[in-house]
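Please read these notes with the model open beside you.

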Amino acid sequence: MASHPPSVSGVNPYPTCLLCGVQVWKMDYCSRKMNPNHADALLKETQWKKHRKAKLEHVMVSSKEVEEADLAKFPTMWSCVCRAIIKGPTTKFFLSGITVIGENRTESYLIPIPKNPSMARIGGRTHNLQYDDDTFIQFYAASITKQLNRFKGEHMGFVVHAHCWALLNHIIPTKVVQKKMDKFVRVARKYWRDNESWGSNDYFLRHWKGQPRIAYPGFEYGCDIYMNPLIIPEVQKAIENAKKAKKKRVQHCYSNIPLEVAIMIAEWTCPIDYTPADAKNTRNMLSACQWELPGSFWKRRLNEDIFLELNSLREAEYSIDWQALRLDLMALLSDREWYLSSGLANRERVLGFMTAIKSIFLEIP
């Protein structure tokens with residue numbers, strides 16, 4: 001490795017996620033409460049708090065543990081938790097483990113990251129290590145546009161959010177991608193070069209974080225691009241409630257109404273373009289009348305494709321109240337202010353990118 005880092009003039013000053021097109025910002029932009037000089041912020045999360053007392057040089061956990069974590073204290077810090085698709089002078093592209101990117105970064109910053117894709121470094125006793133042991137590898141953030149010749153012989157890596165990589169697995173198995181990683185990187189780079197929104201740099205949104213909502217008139221990209229598109233606590237809560245819910249069957253004078261009539265009444269109560277009040281009224285009506293509406297009614301009102309969590313729920317064959325769950329999800333979607341500020345809107349945005357990249361990936365030999 002070069003003893004003096006080369007200039008990175010012409011390279012993205014900040015790494016950009018190859019999957020969602022958003023720049024990985026310094027930690028002070030990723031959290032409303034965090035001290036930007038504190039490299040161990042993740043250790044303040046409840047699930048990892050026990051590691052703080054150990055005072056380890058490296059706090060290592062499984063990648064899966066990080067991907068499935070709800071960062072309740074610092075919800076926007078997910079955008080600093082990344083993997084890398086790395087290529088060295090004598091190696092093919094390979095997927096790294098997970099680390100937090102953003103502490104004390106400069107344009108010539110070498111990013112240290114675990115080599116093992118199943119491992120994640122979430123903190124440690126020393127912040128400015130050289131990472132000479134074989135557990136880690138250092139790389140320069142690669143440019144989505146043309147790479148400069150001066151970087152020949154260096155380890156270059158395309159950064160991807162850890163949660164974006166996990167989200168990609170719902171679109172195309174990442175095992176398939178890893179078998180043809182060179183092709184995938186080539187396709188993704190072409191996609192972002194052809195689309196103006198790559199490297200989204202929403203200056204006003206970054207400074208709006210933590211300020212009263214009225215201070216920012218809207219979202220440049222249609223939603224809050226700094227919310228986690230994979231882990232959405234409100235959706236997870238709705239699913240957990242549905243698992244616990246027990247269907248109550250109480251005979252009612254309206255219970256024996258023909259299904260066709262019940263559907264007509266339900267369609268009048270809850271039109272396709274429904275409001276939060278419509279969703280609430282429908283819930284009360286179905287609870288009182290004990291009606292079970294067919295899938296066709298819900299399909300026209302709820303796009304379940306965006307709720308990726310439901311796939312594993314169906315496969316596990318949980319005994320849940322699907323009607324109550326759908327009403328909970330409809331209540332979330334009908335709250336437009338919540339939706340645009342939630343990770344669900346960002347998920348819909350990112351899934352669109354991933355689906356387009358997947359199509360090109362599968363079409364090209």
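1. Confidence overall. pLDDT is the predictor's confidence in each residue, on a scale from 0 to 100. The protein chain has an average pLDDT of 81, and 77% of its residues score at least 70. This is a predicted model, in which local features need pLDDT of at least 70 and side-chain atom pairs count only at pLDDT 80 or more, while totals for chains, interfaces and linings use all residues. Residues are numbered from 1 along each chain as its sequence is written, and side-chain values use heavy atoms, with hydrogens and water left out.

2. Helices here are DSSP runs (H or I, at least four residues), numbered from the N terminus. In the protein chain, helix α3 (residues 162-168) has the highest confidence, at a mean of 97, and helix α1 (residues 27-30) the lowest, at 47. Residues 1-12 have pLDDT below 50, and this stretch makes 29 contacts in the model beyond near neighbours in sequence. A contact means heavy atoms within 4.5 Å. Residues 31-37 also stay under 50, with 16 contacts beyond four places in sequence. Where pLDDT is low, the predicted coordinates should not be read in detail.

3. Salt bridges. How many salt bridges does a search of the whole structure find? The count is 11. The term means a side-chain nitrogen of Lys or Arg within 4 Å of a carboxyl oxygen of Asp or Glu.

4. A pair within one helix. K243 and E240 form a salt bridge, with their closest N and O atoms 3.3 Å apart. Both lie in helix α7 (residues 233-244), and because they are 3 residues apart, about one helical turn separates them. An α-helix has 3.6 residues a turn, so residues three or four places apart point the same way. K243 is partly exposed, at 27% relative accessible area, and E240 is partly exposed at 37%. The cut-offs are under 20% for buried, over 50% for exposed and in between for partly exposed (1.4 Å probe, protein chains only).

5. A pair between two helices. R283 forms a salt bridge with D328, the closest N and O atoms lying 2.6 Å apart. R283 is in helix α9 (residues 276-289) and D328 in helix α12 (residues 322-334), so the pair ties together parts 45 residues apart in sequence. R283 is partly exposed, at 29%, as is D328, at 22%.

6. E304 and R326 form a salt bridge with a closest N to O distance of 2.6 Å. E304 sits in the loop between α10 (295-299) and α11 (309-316), whereas R326 is in helix α12, 22 residues apart. Both residues are buried. Salt bridges with shared partners join E304, R314 and R326 into one network.

7. Helix α12. Which helices do the buried residues of α12 pack against? They pack against α7, α9, α10, α11 and α13 (336-341). Among the buried residues of α12 are L325, R326, L329 and M330.

8. Residue E67. Is E67 buried or exposed? E67 counts as buried because its relative accessibility is 14%. Its place is in helix α2 (residues 63-67).
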